[in-house]
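Take a look at the structure below. Then read on for a short tour of one of its chains.

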Amino acid sequence: MKTQSKMVAAAVAVVTAFALSACTGSSGGDSSTASSSCAPSSGKVDLTFTTWVPGMDKVVDLWNQKNPDIQVKFQTGPSGNAGTYQNFFNQIKAGNAPDLGQVEYDALPNFRVQDGLTNIAACTPVSGAQDKFVDWTWKQVTFDEKDAVYAVPQDTGPIAMFYRKDLFDAAGIPVPTTWDEYAKDAALIKAQGSYITNFPKTDVNWFAGMVWQNGGQWFKNDGNDWTVDLTGDKSTQVADYWQKLIDNGEVSKLASFSDEWNKSFNDGQQWTWISAVWGASTLETGAPDTLGKWAVAPMPQWKSGGDQAGDWGGSSTAVLKGSKHPYEAAKFAMWLNSDPEALALENKLGGLYPAAKAGADLDAFTSGQEFYGGQKIYDVFKEASSQVNPDFTWGPTMTQTYTDVSDGFGSALGGSGTLTDALKTGQQKTIDALKAQSIPVK
Amino acid sequence: MTTTSLETTAPTTGSLSSKRRGRPGGLSLRRAVVVFVAPFGVLYALFYVIPIAFAIYQSLLTVKREGTFGAAQQVFGGLSQYILVFQDGAFWGSVGRVLVFGIVQVPVMLFLALLFALLLDSPLLRGKKFFRLAFFAPYAVPGVIAAIMWGFLYSPSLSPFSALTSSVNFLSADLVLWSIANIVTWVYVGYNMLIIYSSLLAIPQEIYEAAKLDGANNWQIAVGIKIPLVTPAIILTAVFSIIGTLQLLAEPQTLRSFSSAISSTYTPNLAVYTTASIPNYSLAAAFSVVLALATFILSFVFLKLTQRRAFA
């Protein structure tokens with residue numbers, strides 16, 4: 001009978017463990033904004049850091065050499081929306097999230113709403129950090145709240161236009177500076193048997209970047225309620241524009257970043273790519289045969305002579321909920337994103353374009369790029385960075401918004417419905433999702 | 001596609017111990033039974049009963065919070081998640097999609113499996129060992145790998161058959177469901193064939209001899225003897241296939257990086273996965289519970305409808 005009672009005891013223990021973890025999972029939201037104190041820990045501290053940026057392990061090694069008392073363990077995973085965010089949410093719910101995690105700006109509100117971030121405003125390494133970073137990124141990590149810093153800005157993704165200079169020159173087609181010209185060129189390029197670009201169904205954040213440039217705004221938060229506006233004039237204008245290119249068969253419909261997509265760029269099927277600064281290395285690795293044939297120009301403008309740019313992507317380093325060493329974590333996050341040596345390494349290995357103001361002056365960003373025919377392409381992006389509207393707000397359930405709009409984009413590409421329909425559906429589903437999470441929405 | 005065993009029949013401890021009741025070894029025997037059943041019981045509880053119970057518990061919760069960034073609290077919400085499930089058009093659309101898929105794909109696959117099994121069992125065929133292995137080999141390829149491989153084969157510009165794939169787009173909205181059906185069939189025909197084939201091997205040779213004496217030819221033996229006798233095996237494979245169809249995940253999820261036509265709610269399991277990553281755990285749990293019930297009911301109804309004929 002002894003074994004039996006042991007068995008029962010074990011079973012009870014297992015069940016209780018589950019019940020307990022369930023409890024901690026559901027009551028995780030008690031000390032959400034308390035940031036009154038942030039004291040250094042005594043003795044040696046071990047931190048964990050999860051990121052998907054290539055080469056970040058080398059940067060972590062550099063830190064570990066210099067800081068024997070704060071050792072950081074590097075962990076990697078798929079890019080945010082491809083799985084790491086879901087891991088983070090699960091880990092936060094289970095109470096064993098890494099101390100630090102890579103979180104893109106558009107996902108930060110989602111983590112904030114899920115109470116997954118630690119407020120590090122009171123940690124001394126962060127004090128005075130505001131001036132070190134590009135203005136709009138600071139708003140993204142503070143939500144304009146008082147005494148609040150939820151993450152340290154890492155990189156940005158100001159958008160410009162990559163284009164095949166050789167093909168434009170050979171065909172005698174003018175390089176577009178406005179969206180009108182871009183549409184005219186699209187028809188000319190179609191006549192040549194190629195595409196002006198690919199419409200990326202899954203990159204709804206890219207589409208948001210286009211809306212961002214046009215002065216649109218998808219979300220607003222007045223401190224109490226959220227407003228969702230995916231279907232405003234500015235968004236509809238962008239949607240109608242791309243719908244026309246799709247209807248005319250002037251853009252391809254490949255799954256972006258797929259092998260098929262790379263091949264299409266490598267084979268000269270794509271003449272332009274409206275993309276962020278990090279796209280420079282994507283093109284280099286994806287289309288190696290086109291070395292020296294690309295150039296970079298500012299985004300086409302809605303008004304002739306305009307100077308607006310959008311942003312696509314960009315990340316922060318967040319101290320996730322449950323970290324026992326917020327002080328040390330904040331110290332590491334600040335070093336990671338403002339130390340010149342770290343920034344240079346991150347650019348070299350991961351292609352990051354720093355959010356730190358000093359980053360733009362790194363050697364890597366002031367020299368000509370071989371892949372782009374020797375052009376100093378980062379000058380264009382530096383200019384674009386200063387033209388990004390600083391007041392763009394992301395919603396609290398962006399993963400869901402992206403998925404629903406992307407599904408609608410997929411239908412539109414398949415010929416049923418339009419991009420505007422997709423935005424309408426996305427609007428309704430986002431409001432439903434906010435209500436389901438009991439987030440106040442107007 | 002995963003296959004779950006339908007029922008797990010644990011040895012009934014009651015009858016064993018009752019036979020030995022009163023004998024000196026009774027207690028130690030009972031202890032032995034407990035020891036032998038324990039590994040199964042613990043794992044069954046850990047990985048089956050508790051997760052299901054937790055999913056049901058989770059599905060009854062709902063989120064409450066104050067203000068924009070107020071701390072979220074999970075409170076008991078009754079059946080409110082289930083109301084959302086039944087109002088969700090995309091989810092039911094995905095259920096309808098896999099049902100259409102199953103109605104076409106499962107019979108085609110099982111017909112092929114039966115055909116191959118009969119051919120392997122027929123005295124006419126040479127090189128049986130080779131064909132048995134060749135048909136079964138695709139099952140050894142993990143579903144994700146199979147989907148990636150077929151994704152490249154379907155791809156308009158990367159496919160070795162690009163002359164065909166650039167004129168017929170297998171990854172378009174109209175065709176992609178059947179492209180997935182083709183992958184699933186390719187993977188699972190051999191597996192189902194093997195189940196049916198092993199059931200064919202169990203048929204006593206005397207029956208064939210008797211049939212031959214009565215003048216039956218190979219075709220008559222196949223239709224009149226073999227197929228009726230392996231019907232239970234066919235029904236078993238059908239139930240596995242129905243369950244697998246409702247649980248389609250890996251193939252459509254993998255093909256999403258090849259095709260723009262597969263939405264985030266293309267199959268029920270994909271919808272659950274997408275909902276969980278919002279994260280909306282309670283709704284995802286409710287979806288899962290409803291899906292599990294639907295699978296159970298469908299399998300049960302199918303068994304009820306067929307077993308009278310098969311096992312009479």
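This is a predicted model: local features need pLDDT of at least 70, side-chain atom pairs count only at pLDDT 80 or more; totals for chains, interfaces and linings use all residues.

**The annotated region**

An unreviewed UniProt entry carries the annotation "domain: ABC transmembrane type-1" for residues 95-302 of chain B. Over residues 95-302, chain B is 74% helix and 0% strand. The end C-alpha atoms of this stretch are 17 Å apart.

Now consider helix α4 (residues 89-121) and helix α8 (residues 176-201) of chain B. Their axes come within 7 Å and cross at roughly 40°. That angle is why α4(B) counts as oblique to α8(B). Which hand does the crossing of α4(B) and α8(B) have? It is right-handed.

**Where chain B touches chain A**

The contact between the chains draws on 40 residues from chain B and 44 residues from chain A. On the chain B side, α2 (26-59), β1 (61-64) and β2 (73-76) each give at least two residues. The largest share comes from α2(B), with nine residues.

**Residue classes**

The table sets out the residues of both contacts by class.

| Contact | Nonpolar | Polar | Charged |
|---|---|---|---|
| α4(B) with α8(B) | 20 residues | three residues | two residues |

In short, α4(B) and α8(B) meet through 20 nonpolar residues, along with three polar and two charged ones.

Notes: Residues are numbered from 1 along each chain as its sequence is written. Chains are lettered from A and ligands numbered from 1 in the order in which they are written. Axes are lines fitted to C-alpha atoms, for helices over the stretch in contact, and angles run from 0 to 180 degrees between N-to-C directions. Helices (H or I, at least four residues) and strands (E, at least two) are DSSP runs, numbered from the N terminus. Angles under 35 degrees count as roughly parallel, over 145 as roughly antiparallel, 65 to 115 as roughly perpendicular and the rest as oblique. A crossing is left-handed if the near helix is turned anticlockwise from the far one by less than a right angle, and right-handed if clockwise. Ala, Val, Leu, Ile, Met, Phe, Trp, Tyr, Cys and Pro count as nonpolar, Asp, Glu, Lys and Arg as charged, and the others, Gly among them, as polar. Two residues are in contact if their C-beta atoms, placed from the backbone, lie within 7 Å. UniProt positions are given in the numbering used here, feature names are shortened, and annotations may be inferred rather than shown by experiment.
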